[in-house]
Amino acid sequence: QVTLMESGGGLVQPGGSLRLSCEASGDFASVYSMGWYRQSSGKQREMVALITSGISTIYADSVKGRFIISGDAARGTVSLEMNSLTPDDTAVYYCRMSVGIVGLGAKIFWGQGTQVTVSS
């Protein structure tokens with residue numbers, strides 16, 4: 001079993017910044033992809049940013065130029081630097097990792113979610 005622990009959410013004023021962090025713990029052999037998703041009230045969960053194969057990064061159009069994802073696959077950690085936040089960024093943010101588990105292959109795990117609220 002693999003557990004993802006998130007931290008760093010909170011309340012911030014428009015224009016402010018927050019940094020989210022996620023760390024995987026448990027018995028896994030490798031990390032194939034790491035990323036962040038978010039879900040706001042009444043909407044479907046959406047991809048925010050991903051790191052695939054430890055190299056390529058993908059961002060949602062709505063966060064390009066404002067958010068930066070970074071990660072360390074060897075350590076199973078991923079972070080999301082969020083800048084120039086707007087009320088539209090208010091959501092529960094979830095960490096997601098695809099990891100390799102011996103004998104089971106690739107499995108996807110999610111964190112419990114951390115609330116980000118952008119409001120004056």
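A residue counts as buried when its relative accessible area is under 20%. Cys-95, at 0% relative accessibility, is therefore buried. The model is a predicted one.

**Overall form**

- The chain contains 11 strands and 0 helices.
- Its radius of gyration is 14 Å, close to the 14 Å that the globule rule gives for 120 residues, so the chain is as compact as a globular protein of that length.
- Along the principal axes, the C-alpha atoms fill a box of roughly 50 × 25 × 25 Å.
- Buried residues make up 40% of the 120 in the chain.
- Among contacts with a separation of 6 or more, 54% come from residues 24 or more positions apart.
- The accessible surface is about 6,300 Å², and carbon and sulfur atoms account for 49% of that area.

**Nonpolar core**

- In soluble globular proteins, nonpolar side chains tend to be buried together.
- Here the largest nonpolar core has 30 residues, and those with the most contacts inside it are Trp-36, Leu-80, Met-82, Tyr-93 and Met-97.
- Elements that give two or more residues to this core include β1 (2-7), β3 (18-26), β4 (30-39) and β11 (114-118).
- Strand β9 gives the most to this core, with 6 residues.
- Beyond its neighbours within four places in sequence, Tyr-93 is in contact with residues that include Trp-36, Leu-80 and Met-82.

**Disulfide**

- The structure has 1 disulfide, which joins Cys-22 to Cys-95 with an S to S distance of 2.1 Å.
- Cys-22 lies in strand β3 and Cys-95 in strand β9, so the bond ties together parts that are 73 residues apart in sequence.
- The torsion about the S-S bond is about -80°, so this disulfide is left-handed.
- Cys-22 has a relative accessible area of 2% and is buried, and Cys-95 is buried as well.

**Arg-38**

- Arg-38 lies in strand β4 and is buried, with a relative accessible area of 6%.
- Its side chain makes a polar contact of 2.7 Å with the side chain of Glu-46.
- Another polar contact, of 2.9 Å, joins the side chains of Arg-38 and Tyr-93.
- Leaving aside neighbours within four places in sequence, Arg-38 is also in contact with other residues, among them Gln-44, Val-48, Phe-67, Asp-88 and Asp-89.
- Val-48 and Phe-67 are also among the contacts of Tyr-93.

Definitions and conventions: Residues are numbered from 1 along each chain as its sequence is written. This is a predicted model: local features need pLDDT of at least 70, side-chain atom pairs count only at pLDDT 80 or more; totals for chains, interfaces and linings use all residues. Side-chain values use heavy atoms; hydrogens and water are left out. A nonpolar core is a set of buried Ala, Val, Leu, Ile, Met, Phe, Trp, Tyr and Cys residues joined through side-chain atoms within 4.5 Å. Buried means under 20% relative accessible area, exposed over 50%, partly exposed in between (1.4 Å probe, protein chains only). Helices (H or I, at least four residues) and strands (E, at least two) are DSSP runs, numbered from the N terminus. Contact means heavy atoms within 4.5 Å. A disulfide is a pair of cysteine sulfur atoms within 2.5 Å. A polar contact is a pair of N or O atoms within 3.5 Å; within protein, one must be able to donate a hydrogen and the other to accept it, and residues adjacent in sequence count only if both atoms are side-chain atoms. The radius of gyration is taken over C-alpha atoms; the globule rule is 2.2 Å times the number of residues to the power 0.38. Accessible areas come from the Shrake-Rupley method with a 1.4 Å probe; for residues, only the protein chains shown count as cover.
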